Amino acid sequence: MQHTKNNEKSFFRDNLLGMISNITELDGNRLILASGYFSEHEKYPYSIFEDDLDDAIRDNGNIEEINVIGSKGSEKSFNQFCNKIESLGRSFIKIRHPQSNWHAKIAMKLKPQTKGMRGTIPVCAIIGSSNLTRPAYGTITRPENVNTEVKFNYECDVLIFVNDNFAIKPADEPPDRIFR
């Protein structure tokens, strides 16, 4: 396992972008993004959408539908994030918890069932504590009023995937190198 000094690398970011942009090994057409909080230009001049998330989705023409679920935090940030996702021109579903109490963090890529079957099959998911925010995902340094020696929060996320989808078996690779 690769260790980095002062938490300089966001494995959540790397795996989320890898899961979304990976077309061949993770063949899926539906993306679910659920978070309690979203960073979209509210407290700080930062947009998670504009920090390579938009490019990863845009570059994967196989993603036909995006579902966004949230949020415990700001309705303004949630709506700004959803508007940007919707602007990509894919089928879009927005779900906001009626009491603003959604706190689960889930990123999941799904593919259609085999012919004649209903529903979808998950091919990869990230479940955990990382919100779609700058402290968990972003590449810029923290604002001056926050400890600048640490670039990311210490989070605990679990990456789950169907092993048959990979030519290179993850057991042979360090955790940050599963996706190419």
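Reader: Which residues line the largest cavity?

Author: The lining of the largest cavity consists of Phe12, Ala34, Lys105, Ile106, Ala107, Ile126, Gly128, Ser130 and Leu132. A cavity here is a set of points, on a 1 Å grid over the protein atoms alone, where a 1.4 Å probe fits but cannot get out; lining residues have an atom within 4 Å of a point. Before going on: this is a predicted model, where local features need pLDDT of at least 70, side-chain atom pairs count only at pLDDT 80 or more, and totals for chains, interfaces and linings use all residues. Residues are numbered from 1 along each chain as its sequence is written, and side-chain values use heavy atoms, with hydrogens and water left out.

Reader: What volume does the largest cavity have?

Author: About 50 Å³, where volume is the space filled by probe spheres set on the grid points, and points are joined across faces, edges and corners. The count of cavities of 30 Å³ or more is one.

Reader: Which element gives the largest share of the lining?

Author: β4 does, with three residues. β4 (105–112) and β5 each supply at least two. Helices (H or I, at least four residues) and strands (E, at least two) are DSSP runs, numbered from the N terminus.

Reader: How do the strands line up in the sheet?

Author: There are six in an open, mixed sheet, ordered β3-β2-β1-β4-β5-β6. β3 (91–96) and β6 (157–161) are the edges, each with a single partner strand, so one side of each has no neighbour in the sheet. From one strand to the next, the twist averages 15°. Two strands pair if DSSP finds at least two bridges between them.

Reader: In which sense do β1 and β4 pair?

Author: Antiparallel, over five bridges, with β1 spanning residues 30–34. Ile32 has Met108 in β4 as its bridge partner. Helix α3 (residues 75–86) packs on the sheet and touches β1, β2 (65–70) and β3, and its direction makes about 170° with that of β3. Contact means heavy atoms within 4.5 Å. Axes are lines fitted to C-alpha atoms, for helices over the stretch in contact, and angles run from 0 to 180 degrees between N-to-C directions.

Reader: Different topic. Helix α1: how many of its residues are buried?

Author: Eight of the eleven in α1 (residues 11–21). Buried means under 20% relative accessible area, exposed over 50%, partly exposed in between (1.4 Å probe, protein chains only). The buried ones in α1 include Phe12, Arg13 and Asn15. They pack against β1, α2, β4, β5, α4 and β6.

Reader: And Thr133, buried or exposed?

Author: Thr133 is buried, at 13% relative accessible area. It lies in the loop between β5 (120–128) and α4 (134–137). Leaving aside residues up to four places away in sequence, Thr133 touches Tyr37, Phe38, Ser39, Tyr46, Ile48 and Gly138.

Reader: Backbone now. Which residues does the cis peptide bond join?

Author: Gly70 and Ser71, with omega about 5°. Ser71 sits in the loop between β2 and α3. Most peptide bonds are trans, and most residues other than glycine have a negative phi.

Reader: What is the phi of Asp52?

Author: Positive, about 75°, although Asp52 is not a glycine. Asp52 belongs to helix α2 (residues 49–59) and is partly exposed at 34%. Ser100 also has a positive phi, about 50°. Ser100 is in the loop between β3 and β4 and counts as partly exposed, at 26% relative accessibility.

Notes. On a 1 Å grid over the protein atoms alone, a cavity is a set of points where a 1.4 Å probe fits but cannot get out, and a pocket is an open set with protein on both sides within 12 Å along at least five of seven lines; lining residues have an atom within 4 Å of a point.
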